Amino acid sequence: MYRHDDHGFTLGGGSAAVALAPDFGRRGLGDGRFSDLDLIVDLGARIGSNEWWRGFGTLAALCSAALILSPGLYRPLPGAAPAAATADQWDQVRAQSIAPLAYGADSGRHMAATDLVRPLAEAPERPMLELSAAVGEGDSFARVLERAGVAEAEAEQVATMIAGAVPLDDIAAGTRLDIRLGRRANKHMARPLDALAFRARFDLRLEVKRVDGALQLTRLPIRVDYTPLRVTGEVGDSLYRAARAAGAPARAVEAYLRAVGSKMSVGAIGSNAHFDLIIEQKRAETGEVEIGKLVYAGLSQGRRKLQLLQWSIGGRTEWYDAAGVGEKRAGLSRPVKTGHLTSSFGMRFHPLLGYSRLHKGMDIGAPKGTPIYAVTDGTVTFAGRHGGHGNFVQLKHSGNMGSGYAHMSRIAVHSGQHVRQGQVIGYVGSTGLSTGPHLHFEVYRGGKAVNPKSVNFVSTSLLSGKELREFRSKLAGLLATPVS
């Protein structure tokens, strides 16, 4: 496609072992009429000239010859196929492979026994077996020992000994048992238990050993440091990432965000604020560390300082601030979990009295015996028979609010009792002026019945007296924890 004198073709280097001769393409033509015929034409120059068309024709002829002489564009070239392996050859190859256990794992050479092989009348047993087992979820301690090879009676004996030191239900699933089985008299009986050791609790290790033919239990207390883990730092771009980078566990950070969110908007926390987390921690003398729950959540932002401590009172655990004020809870829980509204608050025609009057609550149809729940915390001011209400319970709530529950089949609380939100106070029935099983639910503000749908209760827990003193004492002790 190029002339012999273009691009220095006649100047051969180390990679150009053969240079094009100046008269390449002209040799053999003689000195006649074809002596000036040039077969090597530059198709990139003088396009459209006679010389260019002659070169183009030469190119077309060469390409056509290549296509004519080719075996075909889409037909594969035949090649030699290897001969199939014979059965003997395949056995030779398979003997050198590794067969998976799922396929029998029976590769390799199998040889018949020679005259040097003598059969044993009885295979000798190991004098001792050392193994480990693990307690499964919902597993029986004695059953774990039986699966390891301990006799049933001896396994029950060991389980009774362990139960005297620690309740068997307190042994966590996954606990590892180190077991040593001794020599047995014959192969038809279970091996005796020589030794058993495991960690029954974080602070206790138990060992059972056979001494002079009898099993003895030894308690090995493990010293534990209960100093909590305290993590502090600056919020920066992300409170979560900053707390995790400071060493706080992910679960504790999530609990911290929920605690702070009960008092303020997490989105309003500035990057220059400082967080403070105190987390339960147990460190054993053997080196193990066990992280517990978050017990303190602190945040300082400018002049604002938030100190929250988790405290349990009356069966409920909440986050209280340094002043002993608990979480604010808004809204009502449903008085019955299942049911449908049959009558709303307002004037209506009474189906039994035969005239219209104010319906002071809402009726919720539900099967007889359906549990009825307190919609929020309160104190029972009345529990008993109450005219057309039948079996009736009335609760007094904070903020001069109250609620009533009528037509119960059975009452589950008594007058003067303090109840929590969601606690069962009775069961659906059809006592009093009722046409069928349902709950008549009323809400009062200042002693006057109001539409339950228009009410949103807000309640706050407050600590006082001895509880408040104990709360502040614990808070001061936690704040004295050094930063880890």
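Two strands count as paired if DSSP finds at least two bridges between them. That cut-off applies throughout this predicted model.

Take strand β13 (residues 340–343) and strand β16. They pair in the antiparallel sense over three bridges, so the pair passes the cut-off of at least two. Leu341 stands opposite Ile364 in β16.

β16 has another partner. Strand β23 (residues 438–445) pairs with β16 over four bridges, again in the antiparallel sense. Here Met362 has Phe441 of β23 as its bridge partner.

Now look at the side chains. In a regular strand they alternate between the two faces of the sheet. In β16 (residues 362–365), Met362 and Ile364 point one way. Asp363 and Gly365 point the other way. All four are buried.

Turn next to an open sheet of five strands. Its order is β1-β2-β3-β4-β5, and the pairing is antiparallel. β1 (129–134) and β5 (214–221) are the edge strands, each pairing on one side only. Direction ignored, neighbouring strands are turned by 15° against each other on average. Eight bridges join β4 (residues 204–211) to β5. Within this pair, Glu207 has Thr218 of β5 as its bridge partner.

Two helices pack on this sheet. Helix α3 (residues 141–148) touches β1, β2 (176–181) and β3 (193–201). Its direction makes about 45° with that of β2. Helix α4 (residues 152–163) touches β3, β4 and β5. The direction of α4 makes about 30° with that of β5.

Finally, go to helix α1 (residues 50–69), where Trp53 lies. Trp53, Phe56 and Leu59 make a nonpolar surface patch of about 290 Å².

Terms used. Residues numbered from 1 in each chain as written. Predicted model: local features only at pLDDT ≥ 70, side-chain atom pairs only at ≥ 80, totals over all residues. Heavy atoms only, no water. Patch = residues over 30% accessible without salt bridge, like charges linked within 9 Å, V, L, I, M, F, W, Y side chains within 5 Å. Areas by Shrake-Rupley, 256 points an atom, 1.4 Å probe, with all protein chains shown as cover. Salt bridge = Lys/Arg side-chain N within 4 Å of Asp/Glu carboxyl O. Buried < 20%, exposed > 50% of the residue type's maximum accessible area, 1.4 Å probe, protein only. Axes fitted to C-alpha atoms, helices over the stretch in contact; angles between N-to-C directions. Contact = heavy atoms within 4.5 Å.
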